[in-house]
Amino acid sequence: MSYIAAFDIGTTNIKGVLVDQQAKLWHELNLPLETLVSADGGMEQQPEAWYDAVVQMANSWFSSGVEPEAIRCISFSGQMQDMIPIGSDYVPVRSAILYSDSRGTSQAELILKQLGEAEIARITGNHMDGTLTFPKILWMHEHEKAQYEATKSILISSKDYVIAKLTGRFVTDPTAAATAGCMDIANRVWAAPWFEQFGLDVAKMPAICASDEIVGTVHAQAAAETGFAEGTPVLCGIGDAGSATLGAGVYQEGDVYVYLGTSGWMATVSEQFTDVKSGVFNLSYVEQGKYISVAPITNGGSAYRWAMEQFSSSAASLQADGDPYEVFEQQLKNAERGGSSKLLFLPYLNGERCPVQDPEASGSFIGLSTTSTNTQMAVAVLEGVAFALRQIMNFVVPNQTINKLTLIGGGAKSAAWCQIIADVLQCNIIVPTQSQYLPTIGTALLGFQHAGWGEGYRELCDQIMQKQQLTEYAPNQQLAGHYDSQYKIYEQLYDRLAPIYRQL
């Protein structure tokens, strides 16, 4: 049997899986990753941990009897919008600064002032803020000049570092590069004049290669460390929003999906740019001329986990063998919604990127009273994320008919949350059984044509979804009026509370 080895390197964990010609998963592995959070809110990770996790997973596969020669190629997806400076010896010169780190805010303001909003949108198809890679590079140039000078290449996605370790090449893909804030999105090249204008070296940027391009092969040292056969082809891979889009089977206009991981997003595919003033990103898709319109939310599964840790019923644990997720799920399923409680929660526990761009925004309960219960507060948190999705839906698919809305990612494992989202959005939600691994399957799809397992991404996307068992959640029409009235209040919360946030 032959496989494509696919790795999805996220923020909280890395998934590895072997995918066969029928898109069946084998030897699924999942390892946690540690994020370093500084006192001032900086978010960093050690790139070596990404490679070490890949080594551990590969060694596990081969020690269990998988033949290295059975791997047709290796494909990757990973978190994007990072700033990962690597030395000529392939050793990081500092920790990776993650997408959720906004330390480049003042540099972004300088870039915006000198280049202008219109020019930035014209070249990149996006807005400029301190979470993008380009301002973070300028930050390092200003604050860590020695590390900047020692840098051979600045990578954009976690997967890019692992590819460098396997092949010796510094590359990135157009989807990830679109989140750097310095790529000419129409031509898929770096905006070289910008680097010169700000005293930066564009030669430090990785080559931008097609996601399904074979960018190298596993060299001898990497083969000895991982167990992969020397010479195994390695694809450039794709940023996580791209792999999730492929895995969700979204390849034409009218198809929409929501990804709920630690953070999350709603996205569709278009041949035109979406207005970036709303906070929506326009990302290059796997083929030239196609774009992913993606509205990112910072608070997705992280809000769910916080609610579970704070409000899960301890009494229920006696009936669920102590599994905290099962305890919480049962609590949510038994919750009454749409009754007398008008509790609302603004889910900006870690600031927010869309529908507002405010790293200082704060989570807030509105409507608390002496009768408020843990369960009501937990439900309000999950409803708050669902309301955020309802807001960004107006940006992603304005005045368009939604053919289908697919929900994927770890958050889709909660049936109670899926039903809440269907009720709040007031549309049917489709959840594939293998939801949490679909981005990894999307990653593997990049290698299907190389392996001779299919042609054309639209056909491949359709094939993947046809092989999935689907659960459909229909909205409860009796709750429509309740959520309409709650949403009208929810829409006002940020504007009313933002002046208070700024005083904290």
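Is Cys427 buried or exposed? Cys427 is buried, with a relative accessible area of 18%, which puts it under the 20% cut-off for that label. The close-ups below all come from a predicted model.

View 1. The disulfide count here is zero.

**View 2. Helix H1, residues 47-63, from end to end.** With 17 residues at 1.5 Å a residue, H1 should span 24 Å, and its end C-alpha atoms are 25 Å apart, so the two agree. Its buried residues are Pro47, Trp50, Tyr51, Ala53, Val54, Val55, Met57, Ala58, Trp61 and Phe62. As a reminder, an α-helix has 3.6 residues a turn, so residues three or four places apart point the same way. After H1 comes Gly65, with a positive phi near 115°.

**View 3. Helices H13 and H14 packed against each other.** H13 covers residues 374-396 and H14 covers residues 415-425; their axes lie 9 Å apart at an angle of about 45°. The two helices are therefore oblique to each other, and their crossing is right-handed. On the H13 side, the contacts involve Leu382, Glu383, Val385, Ala386, Phe387, Leu389, Arg390 and Met393. Facing them from H14 are Trp417, Ile420, Ile421, Val424 and Leu425.

Conventions: Residues are numbered from 1 along each chain as its sequence is written. This is a predicted model: local features need pLDDT of at least 70, side-chain atom pairs count only at pLDDT 80 or more; totals for chains, interfaces and linings use all residues. Side-chain values use heavy atoms; hydrogens and water are left out. A disulfide is a pair of cysteine sulfur atoms within 2.5 Å. Buried means under 20% relative accessible area, exposed over 50%, partly exposed in between (1.4 Å probe, protein chains only). Helices (H or I, at least four residues) and strands (E, at least two) are DSSP runs, numbered from the N terminus. The expected span of a helix is 1.5 Å times one less than its number of residues. Axes are lines fitted to C-alpha atoms, for helices over the stretch in contact, and angles run from 0 to 180 degrees between N-to-C directions. Angles under 35 degrees count as roughly parallel, over 145 as roughly antiparallel, 65 to 115 as roughly perpendicular and the rest as oblique. A crossing is left-handed if the near helix is turned anticlockwise from the far one by less than a right angle, and right-handed if clockwise. Contact means heavy atoms within 4.5 Å.
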